[in-house]
Amino acid sequence: MVESVPVRCPACRREHAYLTPVYPCPCGAPTAAPMLRGAAPEPITHRTWDDDWVTVRCRACGRHDQWPQPELCCPCGTVLRIPVAAAGADPADGVRPSHIPLPRTAPAPRPSFRPMTIRTGRDAVTAAAMYLRWLGYREVVISAERPSSRIDLRAAGLIAQVDSTTRPSTLRDVECLWLNALNTSVNGRILLAGGVWKEEREREEG
């Protein structure tokens, strides 16, 4: 069941009903990060790779996976990071004992994600598309050229911009993504690849 939590934007004080995003665990069960009720959302002013991911335990099989950190884009332009409980902190989490195997009907666990080397902005978009497919998104399509809408990737129920820089996302990018997602009734995401690209370039230059 999708969990809804009240979220108040600290910038404009607007109230939102935030629906927790649900992702498919390799065992086939829907998985969502447990919301930390009562904790204030944090405006995002600077992004890092570690801050954009959160460890979530599947209640069905006990597996721990990295999933996108829940975020909310307020119409005022503020992007909020929604607090979540630490993996295993949710008392409703169920842990399957290690000696009990998954049912024979359960899908085989997916292999670990194998990232590609990112040297160009186009490589960043390709790597983001690969990761969306690995997460379980269907019908992932890469735009041949970046259109005026700035949408780099489309998938079933999702549109995404890929940021290949290390700078914070601009207000224009956030507004453009939000309006496109609103117009097509899908989720919008800004996928960050700049940190990985920067590290790769520094490694080669060093």
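Reply: Glu139 is exposed, with a relative accessible area of 58% (buried means under 20% relative accessible area, exposed over 50%, and partly exposed in between, with a 1.4 Å probe and protein chains only). This is a predicted model, in which local features need pLDDT of at least 70 and side-chain atom pairs count only at pLDDT 80 or more, while totals for chains, interfaces and linings use all residues. Residues are numbered from 1 along each chain as its sequence is written, and side-chain values use heavy atoms, with hydrogens and water left out.

Me: Where is Glu139 found?

Reply: Glu139 sits in the loop between helix H1 (121–135) and strand S10 (141–142), where helices (H or I, at least four residues) and strands (E, at least two) are DSSP runs numbered from the N terminus. Although Glu139 is not a glycine, its phi is positive, at about 55°.

Me: Which residue forms a salt bridge with Glu139?

Reply: That is Arg138, with the closest N and O atoms 3.7 Å apart; a salt bridge here is a side-chain nitrogen of Lys or Arg within 4 Å of a carboxyl oxygen of Asp or Glu. Arg138 is exposed, as is Glu139.

Me: How many salt bridges does a search of the whole structure find?

Reply: The search finds 4, including one between Arg63 and Asp65, whose closest N and O atoms are 2.6 Å apart. Arg63 is partly exposed at 26% relative accessible area, whereas Asp65 is buried at 11%. Another of them joins the side chains of Glu15 and Arg8 (2.8 Å, N to O), with Glu15 partly exposed at 47% and Arg8 partly exposed at 36%.

Me: Switching to strands, in which sense do S6 and S7 pair?

Reply: Strand S6 (residues 53–57) and strand S7 (residues 64–68) pair in the antiparallel sense over 5 bridges, and two strands count as paired if DSSP finds at least two bridges between them. Arg57 stands opposite His64 in S7, and in this hairpin, with 6 residues between the strands, Gly62 takes a positive phi near 80°.

Me: And what is the order of strands in the open sheet?

Reply: The order is S5-S9-S8, with antiparallel pairing across its 3 strands. Strand S5 (42–43) and strand S8 (71–73) are at the edges with a single partner strand each, so one side of each has no neighbour in the sheet. S5 pairs with strand S9 (residues 79–81) over 2 bridges, and the bridge partner of Glu42 in S9 is Arg81.
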